[in-house]
Amino acid sequence: MQVLSPAREELIRRTIASLKDAKKAIFHMYNAAAPMFREQVFQNTKEQTVALAVKHVTLVRQLVDEAVARGDRTEWQFEYSPEAFTQTEPEFAVEICNAVQAAWFAGKDKFKENKIIFNLPATVEVATPNNYADQIEYFCRHVDDRECVIVSLHTHNDRGTGVAASELGLMAGADRVEGCLFGNGERTGNVDLVTLAMNLYSQGVAPELDFSDMAHVIDVVTKCNDIPVHPRHPWAGELVFTAFSGSHQDAIKKGFSIRNANPEKPWAIPYLPVDPEEIGASYEAVIRVNSQSGKGGVAFLVQRDLGLAIPKTMQPAFYKVIQALSERTAKEIQAADIVKAFKTAYFLSESATDARFTLVEYQYGATEGGEKKFQGVIRHNGANVEVEGTGNGPVSSLLSAMRNSNLEPDTTIDVKEYSEHSIGEGRDTKAAAYVQVVDQNGRVTWGVGIDVDVTAASLKAVLSACSGSVEGPNERMKEVEAVVVGSRERQT
């Protein structure tokens with residue numbers, strides 16, 4: 001427990017009394033040392049200022065010794081601040097601290113006592129961080145018995161560089177930092193311990209503070225202070241690990257792909273200086289989509305939430321759907337919206353009944369002549385149609401069967417691109433297939449199919465593409481908007 005008192009006898013006595021039965025206590029005393037205070041506030045000389053400090057630290061020493069003599073088991077430590085240290089002549093700051101140290105350790109073996117803490121405050125931040133570091137370095141080089149001293153930093157943020165000043169002060173030789181969580185303090189605040197600690201952590205230095213559950217820390221602090229944490233507050237804001245920019249999203253997506261293949265390597269992902277999970281954040285908000293976003297970010301969310309690795313050549317097609325949706329709603333597109341849009345656009349929703357073509361059942365194998373034969377039932381506009389066709393594989397055989405049955409004039413299409421991959425592992429593994437088709441008018445359409453059977457997945461992908469080709473992109477976009485916007489309205 002640390003308590004703070006000015007160099008005034010009645011307040012020192014009352015503060016010492018308040019610490020009765022404390023297990024450990026730091027008594028922190030201060031008086032102003034800067035010329036501005038000496039001359040304007042107290043009208044004291046340097047000698048009078050030193051005498052004031054010595055007189056009152058001697059009183060603290062007396063009261064502590066009396067408490068120990070009475071059997072008080074409190075473990076005492078003394079801390080002293082020359083208030084407005086940064087506006088004090090460096091040599092005078094050392095002089096007054098040496099005098100305080102001599103008074104505190106008078107008659108004691110200082111190498112066996114608890115170290116004295118000298119807290120050196122930038123009470124008002126009036127200069128650049130490097131200037132503060134120079135003052136700290138000078139103090140560390142000139143104070144008596146440095147090994148018996150803990151040099152503590154106490155920076156404010158009047159110039160907006162409190163964190164930088166503390167970091168440079170530590171580099172200059174300081175041992176300890178005082179500050180506030182999220183920088184709450186007088187005026188523009190004391191140094192933000194969250195930012196400072198996380199900065200150290202990101203450079204491989206253990207800050208000795210636990211922010212592995214940052215959300216809980218934010219919750220407690222905001223309830224106590226009734227001051228919210230800004231969405232872009234360093235390390236802690238809800239948007240600090242979020243990318244809306246398309247180029248940022250694409251880089252993050254590629255970084256995660258490489259990391260998933262090499263999880264044992266040190267963390268190194270573009271735009272994410274630390275792993276968000278290290279501070280209790282999830283990957284849910286790493287990529288969010290609005291009108292600034294690109295196809296890479298959209299593909300990342302589809303892969304994360306559906307396990308579907310959209311082919312690079314397909315990404316622009318689905319991105320146009322999301323971009324149109326974003327412009328239509330003039331809002332950020334949530335990950336759930338993207339999932340609904342993808343399932344709707346490619347007829348993957350379990351409740352989707354508007355697909356022009358769906359696979360009911362099929363048989364596929366080789367004929368006596370060595371050709372591949374497809375026989376099956378396709379549901380077309382609500383009616384089951386038996387079809388049959390041959391080709392050099394399941395996809396071409398299915399297209400042949402559809403032409404033979406003259407299901408739609410516009411189904412005279414050819415496959416331009418095909419790819420597939422597995423989803424999941426073990427018994428839960430499924431196949432995902434992607435097909436790009438071109439119709440007789442040169443219009444290109446994508447389809448997606450998912451099934452436990454890889455052949456069925458490829459057939460479903462073809463039918464998905466055929467359904468989209470017959471319907472046309474404009475009509476499909478209307479259906480996507482209806483599903484996503486309608487879902488939002490129902491939630492509201």
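This is a predicted model: local features need pLDDT of at least 70, side-chain atom pairs count only at pLDDT 80 or more; totals for chains, interfaces and linings use all residues.
Student: Why is Thr344 called buried?

Tutor: Its relative accessible area is 9%. Buried means under 20%, so Thr344 counts as buried. Thr344 lies in helix α12, residues 335-345.

Student: Which residues does Thr344 touch, leaving out those up to four places away in sequence?

Tutor: Thr344 touches Arg476, Glu479, Val480 and Val483. Contact here means heavy atoms within 4.5 Å.

Student: What makes the phi of Trp235 worth a remark?

Tutor: Phi of Trp235 is near 70°, which is a positive value in a residue other than glycine. Trp235 lies in the loop between α8 (214-225) and α9 (246-261).

Student: Is Trp235 buried or exposed, and how do you know?

Tutor: The relative accessible area of Trp235 is 13%. With the cut-off for buried at under 20%, Trp235 is therefore buried.

Student: Where is Phe347, and what is its phi?

Tutor: Phe347 is in the loop between α12 and β7 (357-366). Its phi is near 60°, a positive value in a residue other than glycine. Phe347 has 12% relative accessibility, so it counts as buried.

Student: What makes the pair Arg13 and Glu9 a salt bridge?

Tutor: The closest N and O atoms of Arg13 and Glu9 are 3.1 Å apart. The rule asks for a side-chain nitrogen of Lys or Arg within 4 Å of a carboxyl oxygen of Asp or Glu, so the pair qualifies. Both residues lie in helix α1 (residues 9-18), 4 residues apart, about one turn of the helix.

Student: Why is Arg13 called partly exposed?

Tutor: Arg13 has 40% relative accessibility. Partly exposed covers values between the buried cut-off of 20% and the exposed cut-off of 50%, so Arg13 belongs there. Glu9, at 36%, also counts as partly exposed.

Student: How do you know that Glu137 and Arg141 meet in a salt bridge?

Tutor: The N to O distance between their side chains is 2.9 Å.

Student: Why is Arg141 called exposed, whereas Glu137 is called partly exposed?

Tutor: Arg141 is at 64% relative accessibility. Exposed means over 50%, so Arg141 counts as exposed. Glu137 has a relative accessible area of 31% and is therefore partly exposed.

Student: Why are Asp250 and Lys254 separated by about one helical turn?

Tutor: They are 4 residues apart in helix α9, which accounts for the separation of about one helical turn. Asp250, at 27% relative accessibility, counts as partly exposed, and Lys254, at 44%, counts as partly exposed.

Student: How many salt bridges does the rule give, and which residues are linked in a network?

Tutor: The count comes to 20 salt bridges. Arg61, Asp65, Lys108 and Glu113 are linked in a network of them.

Student: How much space lies in the largest pocket, and which residues are closest to its centre?

Tutor: About 610 Å³ lies in the largest pocket. Of its 24 lining residues, Phe347, Leu348, Ser349, Ile450 and Lys460 are the closest to the centre.

Student: Which elements supply at least two lining residues each, and what is the lining by class?

Tutor: β7, β12 (444-451) and α14 (454-471) each supply at least two. The lining has 14 nonpolar, 5 polar and 5 charged residues.

Definitions and conventions:
Residues are numbered from 1 along each chain as its sequence is written. Side-chain values use heavy atoms; hydrogens and water are left out. Buried means under 20% relative accessible area, exposed over 50%, partly exposed in between (1.4 Å probe, protein chains only). On a 1 Å grid over the protein atoms alone, a cavity is a set of points where a 1.4 Å probe fits but cannot get out, and a pocket is an open set with protein on both sides within 12 Å along at least five of seven lines; lining residues have an atom within 4 Å of a point. Grid points are joined across faces, edges and corners, and a volume is the space filled by probe spheres set on the points. Ala, Val, Leu, Ile, Met, Phe, Trp, Tyr, Cys and Pro count as nonpolar, Asp, Glu, Lys and Arg as charged, and the others, Gly among them, as polar.
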